[in-house]
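Subject: Structure for you to take over

Hello,

Please read them with the model open.

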Amino acid sequence: MSLKDQITEDMKSAMRAKETARLGTIRLLLAAIKQREVDDRIVIDDAAIISTIEKMIKQRKDSISQFKKAGRDDLVAVESAEMVILQAYMPAQMSDAEIQAAVAAAVTSTGAAGPQGMGKVIGVLKGQLVGKADMGKVSGLVKAALAK
């Protein structure tokens, strides 16, 4: 079963169970997927769906930080609940040790030395770690590894 089919089935079960918050979030996700399909005129695969979910999670994180600054705890709770629902569709996250091992392997395989080699290393890692690790964190680890 593809990720899109799973999301559609979850929407149906949320409708049956009358889970309005979950249903609303899943509908937002399906709308974002459909929008991307229409814009690009393609049927997107699971990897593209994961990148769409990552983008939505990042938006929620940004919103939460802004709402916290404004003292809007009610909106923080709503955004946090949506983020939890979206994270359920993400693949299992890699541990810090696994990420560091992947970074070390990528640095060795590309032969990168110094900050100018960061693009090569990130290019290799992006294909391996997309959806499985926070790329901001990976970028920091690559920078630290190349600074040595």
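**Helix 5 and helix 7**

In this predicted model, Asp96, Ile99, Gln100, Val103 and Val107 of helix 5 meet Lys137, Val138, Leu141, Val142, Ala145 and Leu146 of helix 7. Contact here means heavy atoms within 4.5 Å. By class, this contact of helix 5 with helix 7 has eight nonpolar, one polar and two charged residues. For the classes, Ala, Val, Leu, Ile, Met, Phe, Trp, Tyr, Cys and Pro count as nonpolar, Asp, Glu, Lys and Arg as charged, and the others, Gly among them, as polar.

Helix 5 covers residues 96-110, and its axis lies 10 Å from that of helix 7, at an angle of about 50°. That makes helix 5 oblique to helix 7. Axes are lines fitted to C-alpha atoms, for helices over the stretch in contact, with angles from 0 to 180 degrees between N-to-C directions. Angles under 35 degrees count as roughly parallel, over 145 as roughly antiparallel, 65 to 115 as roughly perpendicular, and the rest as oblique. The crossing of helix 5 and helix 7 is right-handed; the term applies if the near helix is turned clockwise from the far one by less than a right angle, and left-handed if anticlockwise.

**Basis and overall layout**

Residues are numbered from 1 along each chain as its sequence is written. In this predicted model, local features need pLDDT of at least 70 and side-chain atom pairs count only at pLDDT 80 or more, while totals for chains, interfaces and linings use all residues, and side-chain values use heavy atoms, with hydrogens and water left out.

The chain has seven helices and zero strands. Both are DSSP runs numbered from the N terminus: helices are H or I with at least four residues, strands E with at least two. The C-alpha atoms fill a box of roughly 55 × 40 × 30 Å along the principal axes.

Helix 1 (residues 3-17) and helix 2 cross at roughly 150°, and their axes come within 9 Å. This crossing is left-handed. The contact of helix 1 with helix 2 has nine nonpolar, two polar and five charged residues.

The axes of helix 2 and helix 3 also come within 10 Å, crossing at roughly 125°. That makes helix 2 oblique to helix 3. Helix 2 passes helix 3 in a right-handed crossing.

The largest pocket has a volume of about 410 Å³. Of its 15 lining residues, Glu54, Lys61, Ala133, Asp134 and Met135 are the closest to its centre. Helix 3 (46-70), helix 6 (118-129) and helix 7 (135-147) each give two or more residues to the lining, and helix 3 gives the most, with four. A pocket is an open set of points on a 1 Å grid over the protein atoms alone, where a 1.4 Å probe fits, with protein on both sides within 12 Å along at least five of seven lines; lining residues have an atom within 4 Å of a point. Grid points are joined across faces, edges and corners, and a volume is the space filled by probe spheres set on the points.

The second largest pocket holds about 160 Å³ of space. Ala32, Arg36, Ser51, Thr52, Lys55, Met56 and Gln59 line this pocket. Helix 3 supplies the largest share of that lining, five residues.

Regards
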